[in-house]
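Hi everyone, thanks for making time. Let me put the model up, and then we can walk through it together.

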Amino acid sequence: MTDSKTISVPFVDLLSQHQPLEDELMIAIQAVIHKGDYILGQALADFEAAFSAACKVRYGIGVASGTDAIALGLQACGVGEGDEVILPANTFIATLIGVLKAGASPVFVDCDPRTALIDLAAAARAITAKTRAILPVHLYGQMVSPSALLDLARNHNLLIFEDAAQAHLAEREGYLAGSIGAASSFSFYPSKNLGALGDGGMILTQTELIAQTARSLRSYGATRKYYHTDPGGVNSRLDTLQAAALSVKLPHLSTWNQQRRLIAQHYDDRLHRLKSYGVSPIENQSQNGHVYHLYVIRLTPSCPINRTTLQKALNAQGVQTGIHYPIPCHLQPAFQSLGHQPGDFPHSETLSQEILSLPIYPNMTHTQIDRVIDLIENQVMEAGSAQFQPIDSVA
Ligand SMILES: *Cc1c(COP(=O)(O)O)cnc(C)c1O
């Protein structure tokens with residue numbers, strides 16, 4: 001009890017993840033240094049095979065980032081100029097940037113406020129003659145329902161391209177993230193569930209032609225050296241060194257995901273008490289398939305404390321939190337030309353005001369989780385009792 005003030009809780013802790021693996025990582029990196037195949041080397045091919053197999057998808061194509069995986073993945077599927085792509089308004093901006101980089105026209109839809117996942121009924125209403133693809137984002141580590149997605153895609157002849165940047169090995173209805181549609185994208189940004197020691201990404205697909213096209217696109221649009229068949233080509237490869245590091249980490253991914261689930265369970269159990277105070281976690285509708293890239297709560301209007309006040313109070317006591325994301329894509333200044341305004345996607349906008357992401361990472365201790373919840377409980381209940389204080393007691 002006496003030292004509770006000294007317990008600080010970072011938002012993520014990558015050092016605690018890498019320290020136990022340091023020797024193995026050094027050996028893997030040294031092997032690449034000695035082999036000298038820094039671009040498109042053996043360790044990249046090995047990691048592509050291992051990661052795609054883990055996701056039960058035939059082909060994996062390593063690229064420089066998750067953003068490039070979306071852009072090049074869509075291009076490889078033949079989605080581009082003149083094609084409309086449906087995506088949620090409440091996603092990380094990279095989803096939108098990927099669609100735009102592919103040359104396609106983004107069409108936003110709102111989310112289901114309970115899960116923060118794309119609202120597929122709204123998606124159905126947004127379909128036009130130009131709609132080519134739907135781009136579901138498995139946000140926070142929870143998959144969008146595969147059966148509902150497949151129904152929608154079949155009924156309207158749409159291609160499914162999954163943004164699985166937050167959902168490595170997530171499952172729902174017997175499907176693994178990244179295995180539902182024509183192709184999918186992953187990010188290996190360091191803080192993702194599987195992260196490199198720098199930037200990285202991957203396209204997964206079951207289709208050989210899409211895989212071949214993606215491989216050509218990431219390497220100047222060349223099908224063989226100095227023979228360029230695709231003008232959309234760029235330089236975007238996952239480094240051999242990063243792939244070597246990722247191969248060291250991959251065997252631990254399911255354990256890390258399981259640790260995230262247990263932390264989320266602990267948060268759920270203890271936060272239950274705060275329901276009557278207007279504090280509620282984003283709903284998990286996929287049971288054990290959720291991989292909790294983020295643990296997100298909502299502070300609804302009946303909550304006695306405001307988000308900024310709570311965040312500041314937590315921060316002052318050494319607990320870091322985040323907001324994913326404070327401004328929905330359609331209201332970002334860079335994309336005003338898409339012609340949207342406040343009110344266009346009300347659930348996404350409301351969530352952006354109400355959500356708060358709590359610390360979650362595999363090596364988080366019980367003491368740390370309890371510390372986060374104790375502080376939230378104190379703040380919320382204190383604010384609650386202040387609200388209901390009889391007027392004459394204030395004077
Ligand atoms: C991280 C992320 C991306 C982009 O990945 P980068 O590797 O940072 O380019 C795309 N979509 C979502 C949902 C993400 O969380």
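The protein has 14 helices and 14 strands, taken as DSSP runs numbered from the N terminus, with H or I and at least four residues for helices, and E and at least two for strands. Please keep in mind that this is a predicted model, where local features need pLDDT of at least 70, side-chain atom pairs count only at pLDDT 80 or more, and totals for chains, interfaces and linings use all residues. Residues are numbered from 1 along each chain as its sequence is written, and side-chain values use heavy atoms, leaving out hydrogens and water.

On to the ligand. Which residues are closest to the ligand? They are Gly66, Thr67, Asp163, Ser187 and Lys192, out of 14 that surround it, counting a residue if one of its heavy atoms lies within 4 Å. By class, that shell holds 4 nonpolar, 8 polar and 2 charged residues; here Ala, Val, Leu, Ile, Met, Phe, Trp, Tyr, Cys and Pro are nonpolar, Asp, Glu, Lys and Arg charged, and the others, Gly among them, polar.

Now some polar contacts, meaning pairs of N or O atoms within 3.5 Å. Oxygen atoms of the ligand lie 2.7 Å from a backbone N or O atom of Gly66, 2.5 Å from a polar side-chain atom of Thr67, and 2.8 Å from a side-chain N or O atom of Gln166. The elements giving two or more residues to the shell are α4 (66-76) and α5 (93-101).

Finally, the C-alpha trace spans about 85 × 55 × 35 Å along its principal axes. Thanks, all!

Notes. Polar contact = N/O pair within 3.5 Å; in protein donor to acceptor, adjacent residues only side chain to side chain.
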